[in-house]
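Trainee: I would like to learn how features of a protein model are read from its coordinates. Please take them one at a time, giving the idea before the case.

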Amino acid sequence: MIRLSDLKISYHIGSRVIDAVDGVTLTIPDGCIVGIAGESGCGKSTLMKAIYGDIQAPMYLSRGNIEYSLKGADGRPVTSASVRQEWFKSISYIPQSSMNSLNPVIRIRDQFIDFPGTDSNKRRVLERARDYIGKLGLAPETLDSYPHQLSGGMRQRVMIGLATFFQPELIIADEPTTALDVVVQKEILMLLMDLQEQMGNTILVVSHDMGVHYQTTHKMLIMYAGRVVEYGDTDSVFADPQHPYTRMLIDSLPAIGDDSMRGVMASAAATGGDRAFRVEPVLVEVKPNHFVARPAVQNAGAAA
Ligand SMILES: Nc1ncnc2c1ncn2[C@@H]1O[C@H](COP(=O)(O)OP(=O)(O)OP(=O)(O)O)[C@@H](O)[C@H]1O
């Protein structure tokens, strides 16, 4: 379980402050895949980095806190202060464009054993890695390759392999299939789903693709302008979206035979756009496990 309480994450840019995540309070249960969606710049990656404990200038925690029910490698509870020590052990992160994050001058095998340890320990890990990447659909020789010798899909599988090798309890995948063709996208997502089923861990997946969310997630978290507008079981959110922005995202899913984006444009116009999408931070449970935020109270200046 991860509990976010009144979380506010900001960036200091010169004399300006950008509140990228603004007053998020919610609980993510164990053992589920949570999809995070929302327009570009709404704060998805910032929220993921904060949960991962990767808060570095110019980003900072303005308010609130994060609690984890994770156990560290030493058996102790993970806290915001200790979460960084758990990277790639109890918690791992597959960043945006992660397939380009592999060190280009280091063979894949050496990326698996890039940790302090004895030679015999590393040999044992390498044997396990050879076995493990086979389960991810990669040939054992992949370990002997340099990243540039692999296709984008293979590199992404390697990244997922590195992120899941130690069976972390929490995996954060920030747009894990961007820049891959649709067939490879599907394979990668199936792989993540299979791994989640086997390990029973929690996966947070950021994606702009609502179709991907519908097919792969148990819960959906929809963000707009730094706030969570809706959060609930995926079936419920897709069957009965409560917030106009969620409705617009779901309407953007093309149906077979649909030849245009007219539905999206029409529903954006009908909802009243930005003003109608802005919300207060507090989420209200409208159905079991389905929360929605109330519309923001517009001040006189904003309304003018
Ligand atoms: N390093 C940074 N310095 C300054 N501002 C930043 C930085 N990173 C993000 N921001 C700002 O914080 C806000 C949220 O950005 P974030 O990357 O979290 O959004 P996002 O929803 O993940 O977007 P995308 O879907 O495009 O990845 C945006 O206004 C962005 O400009």
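Predicted model: local features only at pLDDT ≥ 70, side-chain atom pairs only at ≥ 80, totals over all residues.

Trainee: Is Q167 buried, partly exposed or exposed, and why?

Mentor: A residue is buried if 20 or more other C-beta atoms, placed from the backbone, lie within 10 Å of its own, exposed if 12 or fewer, and partly exposed in between. Q167 counts as partly exposed because it has 14 C-beta neighbours inside 10 Å. Q167 lies in the loop between α4 and β6 (170–174), and its phi is near 50 degrees, a positive value in a residue other than glycine. Helices (H or I, at least four residues) and strands (E, at least two) are DSSP runs, numbered from the N terminus.

Trainee: Which class does D6 fall into, and what is its phi?

Mentor: D6 counts as partly exposed because it has 14 C-beta neighbours inside 10 Å. Its phi is near 45 degrees, again positive in a residue other than glycine, and D6 is found in strand β1.

Trainee: Where is the cis peptide bond?

Mentor: The cis bond joins A57 and P58, with omega about 10 degrees. P58 is found in the loop between α1 and β4.

Trainee: How many residues surround the ligand, and which are the closest?

Mentor: A residue is near a molecule if its C-beta atom, placed from the backbone, lies within 6 Å of it. In this model 13 residues surround the ligand, the closest being A20, S40, K44, S45 and T46. Two or more residues of this shell come from each of β1 (2–13), β2 (16–28) and α1 (44–52). The largest share, 3 residues, is that of α1.

Trainee: What is the largest nonpolar core?

Mentor: In soluble globular proteins, nonpolar side chains tend to be buried together. A nonpolar core is a set of buried Ala, Val, Leu, Ile, Met, Phe, Trp, Tyr and Cys residues joined through C-beta atoms within 7 Å. The largest one here has 67 residues, and I172, I222, V228 and V229 have the most contacts inside it. Helix α4 (residues 152–164) gives the most to this core, with 6 residues. Two residues are in contact if their C-beta atoms, placed from the backbone, lie within 7 Å. Not counting residues up to four places away in sequence, I222 touches residues including A37, G38, H243 and L249.

Trainee: How is the overall chain summarised?

Mentor: The radius of gyration is taken over C-alpha atoms, and the globule rule is 2.2 Å times the number of residues to the power 0.38. For 304 residues a compact globule would have a radius near 19 Å, so the 20 Å of the protein chain agrees. The chain has 11 helices and 11 strands, and 37% of its 304 residues count as buried.

Technical notes: Residues numbered from 1 in each chain as written.
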